[in-house]
Amino acid sequence: MAEAHPVGFQWVMEAKRRGAKIIHVDPRFTRTSAVADLHVPIRAGSDIAFLGALVNHVLSNDLDFREYVVAYTNAANVIDEDFRDTEDLDGLFSGFDPEAAQYDPVTWRYQPPENPTEDQQRREADLESDEVRTGGQYPGAGHKESHQAARSESHGSGGAPVSWKGRRDETLQDPHCVFQILKRHFARYTPEMVQEVCGIEPEQFREVADALTANSGRERTTAFCYAVGWTHHSVGAQMIRTASILQTLLGNIGRPGGGILALRGHASIQGSTDIPTLFNILPGYLPMPHAAQHQSLDEWVSADEGKAGFWGNVRSYSVSLLKSYWGEAATADNDFCFDYLPRITGDHSTYNTVKRMIDGTTKGYFLVGENPAVGSANGKMQRLGMANLDWLVVRDLQMIESATFWQDGPEIETGELVTEDIGTEIFFLPAASHVEKAGSFTQTQRMLQWRDKAVDPPGDARSELDFYFELGNRIREKLAGSTDEMDRPILDLAWDYPVDEKGEPDGQAVLREINGTGPDGRALSAYTELKADGSTACGCWIYCGVYAEETNQARRRKPHWEQDQVAAEWGWVWPANRRILYNRASAAPDGTPWSERKRYVWWDAEKGRWTGADVPDFIVDRAPDHVPEEGATGPDAIGGQDPFVMQTDGKAWLFAPLGLADGPMPTHYEPPESPVRNPLYGRQNNPSRRKLSDASNPINPSYSDVFPYVFTTYRLTEHHTAGAMSRTLPYLTELQPEPFCEVSPRLAAERGLEHLGWATIVTARTAIEARVLVTDRLRSLRLGDQVVEQVGLPYHWGRNGITQGDSPNDLVNVTMDPNVYIQDKVGTCDIRPGRRPRGPDLTAYVEDYRRRADVDMDDPTNGRTD
Amino acid sequence: MANSLWGPLDDVQGDAGYDHHPPRMGFFTDTSVCIGCKACEVACKEWNEVPDDGYELSGMSYDNTQALGASTWRHVAFVEKPVEPKPLTTTDLGLPGMGPPGAMEGGATDGDAGVRWLMSSDVCKHCTHAACLDVCPTGSLFRTEFGTVVVQPDICNGCGYCVPACPYGVIDLRKEDGRAFKCTLCYDRLKVDESPACATACPTESIQFGELSELRERADHRLAELHERGVDVARLYGRDPEDGVGGDGAFFLLLDEPEVYGLPPDPVVTTRDLGSIWKHVGAAAATMVGVGVASFLGRRR
């Protein structure tokens, strides 16, 4: 965190100053480890085994926060008797379809309540028929895949819609209850297994386990922070799930000092998920409609509408979004222009799009502040894709490699691409930097902070807002007068923003549109005011309130020393300026604080209201003993002891009965390329991982002598991601002037690598060269009889900028997590002293490695593990 | 005036001739919370328009600017040290190696206790007794009303006397320019009541700026706190007005011996003996004159 988020890390140092214990788990010893109380070196990609063992430690020693667990989680829920665990099926859960490499989650569901209502029965029947219908109607067309892709992330705000709260056994003794299933599932995740999988010694594991459990419970809370060390894996979503299970068992969710904090890769990555740049969701995590499933507004909202919790009001959010897009044109008679929305037909995620570029079906591409030729996994694949486009628009601060690959990219050097043969027309448009335009950032706490413009952008550089507004204007001019129905979605857009004297649209007007307006045209104050009848418009329902009282609430800058510790008047946090989500859980079931020390939000019985330091994340007058009426829907169905108000059942899920593509509980699988055999199961890899078969993406066979080492790529404090904003600046470049690899003294001795000498690092994709830093900060890890060496590669460099070098991400293969379609950044490699071969010799050199490792180029993603 | 060249000096500005002046300002750099982000180095260069210092991978851990110099006025040292699994029998100064760690014998997996990584942002010490200033023949180096020591580039003639005079090796000549440069403690910012750029940029308050007397109290408090927590290795460096430079205007909390960070263990102002030197010079000159006069007298004879 100090390494990649030094500014945010000031608060960790502040906590340390006040006596907090900092534990850092990372393959390398970083600037974070340097100031942590404990550094735990771990083999890259083995986190589920480590976290799973902590879960096991908590469960087998009765160290969970039992009152919290019984009342607020689904530990007591009884699961379908047909459910089978990975313990029963050697690494698979029940419902796996080996042909499609997908799960049917039907056996993971809650057992029904004693007397299900008609509505509950209807939902369950719909769910089952939906699976059958979609599976059958588009065989082989990836419909189910897109269904899962579109759904799993859309639950970011809502949780998958289960049909009922289900039968519960609050003694936690039923063998089919979640608590017992969890216990059995993680029983083999022992400290000894951690040593064998992660390379962490049992004494060190116990030190972590003791610190964690001693600092959790009624009086104390523990927080977890993670970044792409967890997300960039073929089991990334499940790594975070394991942390969620652990934190929930310990009662560390919804309480001050607790939680799981996702540290983002840039400013406003959270914002670009809330108002997404993702293919499968719309603002506020509304699912993108699917061409086959969603023929009408009713069909689109039906899966979620009316279910318990605030997600049940999905129709209001959806209609208000359509009103904000199409204004006057959106009416009840035309389904509020629902038919104008684009549809998805399958997986349109970034890596699949690149594959389609290579295949020639995707013709045009916008790159906005992104440099995939350096920053994305398998840079060769990215460049081959871009070289096969009709046109490419690059908007950036600097002339990046993704705009110049056609003249000096690595493939030009090897002859794999020839400049004259590349037909892609590339438009480079200079962009304004963040200080040259006004706007908001949304950070990991969901906090929007407004930024004023400091200086005008130089030359022709323009803001994104200016660019897209102008692009829209020009397209609309070209289409003006068209009678083609296809052009109506563009022509009917509400596309009218005030501009300043320089033609720059007013960002605050956009924020106000996102906030939403009511029938009187005034800014709304809360998403509970949104209506499904078309009388309200709102660009992103979870942001409703950011412009309450016609004021830019994100621009509030009252210093923390002028307010209490919650600091509610600094910026604005979605939803409803609530700083800690699910904060009803900071009080006991009866509404009193768990402890005086950790009091945060509680029930004031005299006034009949929830109160406290923060905005209560609960219906403010819902008494702790409230039991919803039979058949209640939406917010009315939330019970007084259901703090997880976005979930259908109001409970935190230790076991996910729906919504995850790769199983209801996390399971340790090896990365797609690994020198180690999975000691836990016969299944080596995540069985539902997404492969991307292309000649540019061959996978190293696992446990191959040809590729005996683990490598992973990462960031340095001194540079920013793909480097366009840092290796173009002298003051940053001089601090880390060249690409290098970090190796342990043992590996250096084994391969004859010299400190500051050159090394060549090879995978089946390509080989790169880098200078060598031999350091004790990279440790050899002993796993049973095997010693695993890890090569660390900062990934910031490319062929442009003040200093140049090979791009380490060219080594990374594309194998994806099936929930979120993110690559695994861990792979295997060889490392040799000396510089890499030049020109066509490089291709021959890599081909020789592939031949020796027996990589099957007719089936390049076959890692010989399934 | 007493102790102008040596020993404790309460009013350094007064000694330099200021009748009315603001309190003495300085830095307290607490290296125990430094995270090595180098924001101080960058902020310093941005504000003071200091040029880059070359693009060289040094191999000295993550330290590629390598040392304070004419074009590096804040410098973050990175010291990698293996943690010894058991106490050594011989005296260990804890000196870091300059090169790579030695080849493994038993393998990093076998009983090693890991590694320590110390980081420290170094800067000009703005000494109570500043030899650089004392030896400057042009008056380019001067004592400001804040008690800091600043070079005026428009007066510096590049003679370089200040370079060997500094007991810390801070000030240096810029090759392509010829003149001497070093930290000004952001004199221009202090003039308008702003904090120096490095302290403003530091995310963890490792670099603290303020009145020197107050910083010394803060440092004493922090040291006591660390000792109470069992961090016995913590110590202050440059805090003591009784030391060889009369105490530093920029002082440090370190977690190891000063040598480990590349700092001299017992710096002494190189002009400490200036007074007695001049006495000797005077005596020598008198002798010369005497001899000269004698020769004339002799001739007369």
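**Sheets, helices and interfaces**

Analyst: Strand β13 (residues 447-451) of chain A is joined to β12(A) by 4 bridges, and the two run antiparallel. This is a predicted model: local features need pLDDT of at least 70, side-chain atom pairs count only at pLDDT 80 or more, and totals for chains, interfaces and linings use all residues. Residues are numbered from 1 along each chain as its sequence is written, while chains are lettered from A and ligands numbered from 1 in the order in which they are written.

User: What counts as a strand, a helix or a pair?

Analyst: Helices (H or I, at least four residues) and strands (E, at least two) are DSSP runs, numbered from the N terminus. Two strands pair if DSSP finds at least two bridges between them. In β13(A), Q449(A) is the bridge partner of F441(A).

User: Which strand order does the sheet of 3 strands in chain A have?

Analyst: Strands of a sheet pair through backbone hydrogen bonds, either parallel or antiparallel. Here the sheet is open, with the order β12-β13-β14 (chain A) and antiparallel pairing. β12 (439-442) and β14 (572-573) of chain A stand at the edges with a single partner strand each, so one side of each has no neighbour in the sheet.

User: Which order does the open sheet of 4 strands in chain B have?

Analyst: The order is β8-β1-β10-β9 (chain B), and the pairing is mixed. β8 (207-211) and β9 (235-237) of chain B are the edge strands, each pairing on one side only. Ignoring direction, neighbouring strands of this sheet are turned by 20° against each other on average. Strand β1 (residues 25-30) of chain B pairs with β8(B) in the antiparallel sense over 5 bridges. There, F209(B) in β8(B) is the bridge partner of F27(B). Helix α7 (residues 212-228) of chain B packs on the sheet and touches β1, β8, β9 and β10 (250-254) of chain B. The direction of α7(B) makes about 135° with that of β8(B).

User: How do I read a helix pair? At what angle do α3(A) and α9(A) pack?

Analyst: Start with the axes: lines fitted to C-alpha atoms, for helices over the stretch in contact, with angles from 0 to 180 degrees between N-to-C directions. Angles under 35 degrees count as roughly parallel, over 145 as roughly antiparallel, 65 to 115 as roughly perpendicular and the rest as oblique. Helix α3 (residues 47-60) and helix α9 (residues 202-214), both of chain A, pack at about 60°, with their axes 11 Å apart. That makes α3(A) oblique to α9(A). The crossing of α3(A) past α9(A) is right-handed; that label applies if the near helix is turned clockwise from the far one by less than a right angle, and left-handed if anticlockwise.

User: Which residues of α3(A) and α9(A) meet?

Analyst: A contact needs C-beta atoms, placed from the backbone, within 7 Å. A53(A), L54(A), H57(A) and V58(A) of α3(A) meet F205(A), A209(A), L212(A) and T213(A) of α9(A). By class, this contact of α3(A) with α9(A) has 6 nonpolar, 2 polar and no charged residues. Ala, Val, Leu, Ile, Met, Phe, Trp, Tyr, Cys and Pro count as nonpolar, Asp, Glu, Lys and Arg as charged, and the others, Gly among them, as polar.

User: At what angle do α3(A) and α8(A) pack?

Analyst: The angle is about 170°, and the axes of α3(A) and α8(A) lie 9 Å apart. The two helices, α3(A) and α8(A), are therefore roughly antiparallel. A49(A), F50(A) and A53(A) of α3(A) make the contact with P191(A), M193(A), V194(A), V197(A) and C198(A) of α8(A). The contact of α3(A) with α8(A) has 8 nonpolar, no polar and no charged residues.

User: How many residues of chain A are in contact with chain B?

Analyst: 42 residues of chain A are in contact with 36 residues of chain B. α23(A) gives the most to the chain A side, with 4 residues. That side of chain A has 22 nonpolar, 10 polar and 10 charged residues.

User: Where is P575(A), and what kind of peptide bond joins W574(A) to P575(A)?

Analyst: P575(A) is in the loop between β14 and β15 (601-604) of chain A. The bond between W574(A) and P575(A) is cis, with omega about -10°.

Key: Contact = placed C-beta atoms within 7 Å.
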